[in-house]
Amino acid sequence: MGKTRIIRGLHTLLALMLILSILPATRVQASENVELQLALKVGSTRALVNGAEIQIDKPFVDNGAVMVPLGVFKKTFGSTVSLEKDKVVKVMYGSHTGAMTIGSMTAWKDGVKIQLQAPPRMVVSGVLMVPLRFVAGVLGARVSPGDSGGLLVSLTPSRTVDQTAGEPGIEGDAGKTRIGNSYYKWSMNYPTEFIVGNSGGDESIATFMSVDSLYYLEVRAVQQEIPLGADELLEQLIGEAEEGGEMVMDREVYPQAAVPYARIVSQESSGTFWESRKYYADDRVYEVYLTDDTATNYKDLGQYTKLLNSFKPSFDNKDNKLRDLSTVKNGLKTAADNDYGVSLQVPAGWSTDAKHLYYEGGQEGYLGIKVTSAPAGSTLDSWTQELNSKARDSYVPDALLIKGSKPVQISGEPGQVNEVHKNTGKGWLAEYQALLLKDGYRYYVEYVTPAGQVDSSRLADILSSITIDFDWVQENFGKLETDDYAALSRSTVTKNSRTFGFAVNIPRLWTPYQDVFETQNVEYRFTGGWFQIFSIEGGSVENSVNSLKSFYQNKNNDPSGPKIVSEEATTFAGQPATMLTVHQSKKGVAQQVKQIVVGKDEKTYTITVTLNDVNATIRQQEAIDQTLQSFRFTGE
């Protein structure tokens, strides 16, 4: 966290008393449908907390950052704040933690280091003032313009937040002495110096570090249905360490422990020491890792034995001193993307790729979010027409059913949900498209699940959980990608290969999978298919065709296996060529494969187009034909 000035003695006590004075004892009951709001204005002592007027120290601007009294966040949203070692201020809300140091420009948000515009500081009155946007970001609140030049901080909580009478304004995390995860069922002691880290939205991983960043601790919960004994856990630990190039310095098994476990201490090639432990309980393996940058001998990690021994693969929901890191409620967990200021809830067991706003549940489906610039004149209805046109262009009539649209509220704004059913060749999927237009940006949420597993209440819960910081998007982004399907569907980009002497026009809607044209292989994907150009020096058309025919030979007469429909001598890009047409089933999906083999200047080229039957629309075929016709040899 860096060295900073320490506030001591009576000054600290006075500051605490004054912070307390602006926090009347209340109880905040925040249901999922009630938005909590804080309205304030720079230079004004008047603030509105959920509609009720209170007096506060005047907010002011410091280096572009609006500074406000820390206590108003607890008063408004029921967040928890604590003061550690007389200088480190922690703000906690649900599973999220922010940490700031008085007088320092460095802060931490869920374990990620952030540079503040201005540091938190005590003002003359003794009240602690903090950067508004940083704390609002920790809470997941939106900051937007308010009345008469003021600011409005809004938050729709995902759970009930209790602030009971008699609680102090700055406390040791509301008296929490243990921390854990109720969904993955583990807990351990909660030292006051713990900062909760960022695990990218994956609740199966929890990371912690000390305020001074000296030690780091990580807990992982991994599904494991086959029971493992302490000796087997030890073998895993040793194997993983040796595979990573580490030297095992100490090892032990504890088969008689309440929950048997194994531990090792290992040293990386860099000299860093790690203590690693594994436990097995309730179809999960729990992994605990700890390192200390100051350790010079494996025995130095012994100072953390008490902390590590406090780990239990269980969670006591009745223990009010136990802080729950889990955001799971009604089978949903909180996911967030700080880049776009988007927060929502997704099914608890789904994998999370917060960076790309993509969440996947295997056979249960997936959810994706995309933020783009809106084309001029775009409306929800015109956007829906675009999406329907794209669906009709990508799926044959027998594989598509457009069910309709209905209005919905998304993050407090009017939006629309479209329901479309698509057959991918392996069964029908229900696709729900949530659309929102705001300030020149399109917010698109796509929730896809097997048609037979549609849960309308789950969809409603997900949509109602979405919060978007619209001001953040406007402040941090200018012109984004524009998803104008009508324009993009007829647009191409020319690609050249100097090494292999050809050029081709690629549709802009196709997604590059391997697009380095100076290499042998280039490949693009599109709905239900892919396009590939494979080039080699030498070889011959005849040999390449014979190799393909051998590859497609269905020796066992498998009904779903490949069948060569035709072999045709043709002309391609002005050169004699052979075209093979094959029909096959891949992973249960029927598809046609067209391969053109052509030679030029002692090089052999194989152009492959694969298209699933359910996606073989006129428009898809047109795009493929135009791409093939655009292929030309450049002579370079």
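This is a predicted model: local features need pLDDT of at least 70, side-chain atom pairs count only at pLDDT 80 or more; totals for chains, interfaces and linings use all residues.
Visitor: What makes a residue of the protein chain count as buried?

Guide: Buried means under 20% relative accessible area; exposed means over 50%, and partly exposed lies in between (1.4 Å probe, protein chains only). Of the 636 residues, 48% count as buried.

Visitor: Why is Lys278 called buried?

Guide: Its relative accessible area is 1%. The limit is under 20%, so Lys278 is buried.

Visitor: Why is Glu240 called partly exposed and not buried?

Guide: Glu240 has 37% relative accessibility. That falls between 20% and 50%, so Glu240 is partly exposed.

Visitor: How do you know that Lys278 and Glu240 form a salt bridge?

Guide: A salt bridge needs a side-chain nitrogen of Lys or Arg within 4 Å of a carboxyl oxygen of Asp or Glu. Here the N to O distance is 2.7 Å, so the pair qualifies. By this rule the count comes to 18 salt bridges.

Visitor: Which elements hold Lys278 and Glu240?

Guide: Lys278 is in strand β22 (residues 273-281) and Glu240 in helix α4 (residues 230-243). The two residues are 38 residues apart, and the pair links distant parts of the chain. Helices (H or I, at least four residues) and strands (E, at least two) are DSSP runs, numbered from the N terminus. The chain has 11 helices and 44 strands.

Visitor: What makes Glu275 and Arg263 a salt bridge?

Guide: Their side chains meet at 3.1 Å, N to O. The limit is 4 Å, so this pair counts. Glu275 lies in β22 and Arg263 in strand β21 (residues 261-267), so the pair ties together parts 12 residues apart in sequence. Glu275 is buried at 3%, and Arg263 is buried at 10%.

Visitor: Which residues are linked with Glu275 in a network of salt bridges?

Guide: Asp250, Arg263 and Arg277 are linked with Glu275. Between Glu275 and Arg277 the closest N and O atoms are 3.0 Å apart. Both of these residues are buried.

Visitor: How do you know that strands β40 and β41 pair?

Guide: Two strands pair if DSSP finds at least two bridges between them. β40 (residues 563-572) and β41 (residues 575-586) have nine, in the antiparallel sense, so they pair. Lys563 stands opposite His583 in β41. The two strands form a hairpin with two residues between them. Ala573 in the turn has a positive phi of about 55 degrees.

Visitor: Why are β16 and β24 said to stand at the edges of their sheet?

Guide: The open sheet has the order β16-β15-β24, with mixed pairing. β16 (186-189) and β24 (322-324) each have a single partner strand, so one side of each is left without a neighbour in the sheet. β15 (residues 178-181) and β24 pair in the parallel sense over three bridges. In β24, Arg323 is the bridge partner of Ile179.

Technical notes:
Residues are numbered from 1 along each chain as its sequence is written. Side-chain values use heavy atoms; hydrogens and water are left out.
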